[in-house]
Amino acid sequence: MALKVIGAGFGRTATASLKLALETLGFGPCYHMSEVLANAGHLDLWNDASTGNPDWDAIFKNYNSTTDFPACTYWRELSDYYPEAKVILSLRDAEKWFESTQETIFSTRMWGILAGTPWETMLKNTINNPVFGGDIHNRDHLVRRFHEHTAEVKEAIPAGRLLVFEAKDGWAPLCEFLEVPVPDGDFPRVNSKTELQGMIDMLESDVGRGMMEGKGMPKEIRAQIYGKDE
């Protein structure tokens, strides 16, 4: 299965909402950071990718699209490997993005939970070090990197292949870009800071620790997150 859509936007740019939108439009399943938690063995695959030995076919075997970290770190490689795939650069206000990261994915609490686990290693290898130089709390540095990343994607991906998108834009530009009808209902709005705090709470449990060891996501947790039993 070849990827049809590659998400190049950083996490906390409504990437979970975009995941659900893409799946609604027929471009699912969509690979998101939550899928790394869900799939046993994917920590190792991403660590291999970080050392220059990616197996994209294995990682994205059952997926039609991507959003979020860690896949967005490799937008250049993925856009070359899947030359027919379209690219979506999800954005938001850079200052608000920084604040969101510090309360969620880059928070002191989150990294305290991750300390010493294989997940900490994977995140440092695929995100913190290559994207942010290991400095994930410096406002000026992260905002600058956000803008640099935006410019890099816009420069590298031809206009006809790239959609620069904010969730507030809604269905219309996304559907036009992907050449599909606009569906009924509102554009998804999920994975708020409050919802993500609930996920962080779960990571402190025995089940969460198992997932951080790379054991995959139990069936009942998948059903809770994805709203179905699979």
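Biologist: Where does Pro70 sit?
Modeller: Pro70 is in the loop between strand E3 (65-66) and helix H5 (75-81); helices (H or I, at least four residues) and strands (E, at least two) are DSSP runs, numbered from the N terminus. This is a predicted model, where local features need pLDDT of at least 70, side-chain atom pairs count only at pLDDT 80 or more, and totals for chains, interfaces and linings use all residues. Residues are numbered from 1 along each chain as its sequence is written, and side-chain values use heavy atoms, leaving out hydrogens and water.

Biologist: Is the bond from Phe69 to Pro70 cis or trans?
Modeller: Cis, with omega near -5 degrees. Gly28 and Pro29 are also joined by a cis peptide bond, omega about -5 degrees. Pro29 is in the loop between H1 and strand E2 (30-31).

Biologist: What about phi at Asp68?
Modeller: Positive, about 75 degrees, although Asp68 is not a glycine. Asp68 is in the loop between E3 and H5.

Biologist: Buried or exposed, that Asp68?
Modeller: Asp68 has a relative accessible area of 7%, so it is buried (under 20%; exposed is over 50%, partly exposed in between; 1.4 Å probe, protein chains only).

Biologist: And Arg12, what is its phi?
Modeller: Arg12, not a glycine either, has a positive phi of about 75 degrees. Arg12 lies in the loop between strand E1 (5-7) and H1 and is buried at 10%.

Biologist: Switching to cysteines: how many disulfides?
Modeller: The count is 0, taking a disulfide as a pair of cysteine sulfur atoms within 2.5 Å. Cys30 is buried at 0% relative accessibility, and Cys72 is buried at 0%.
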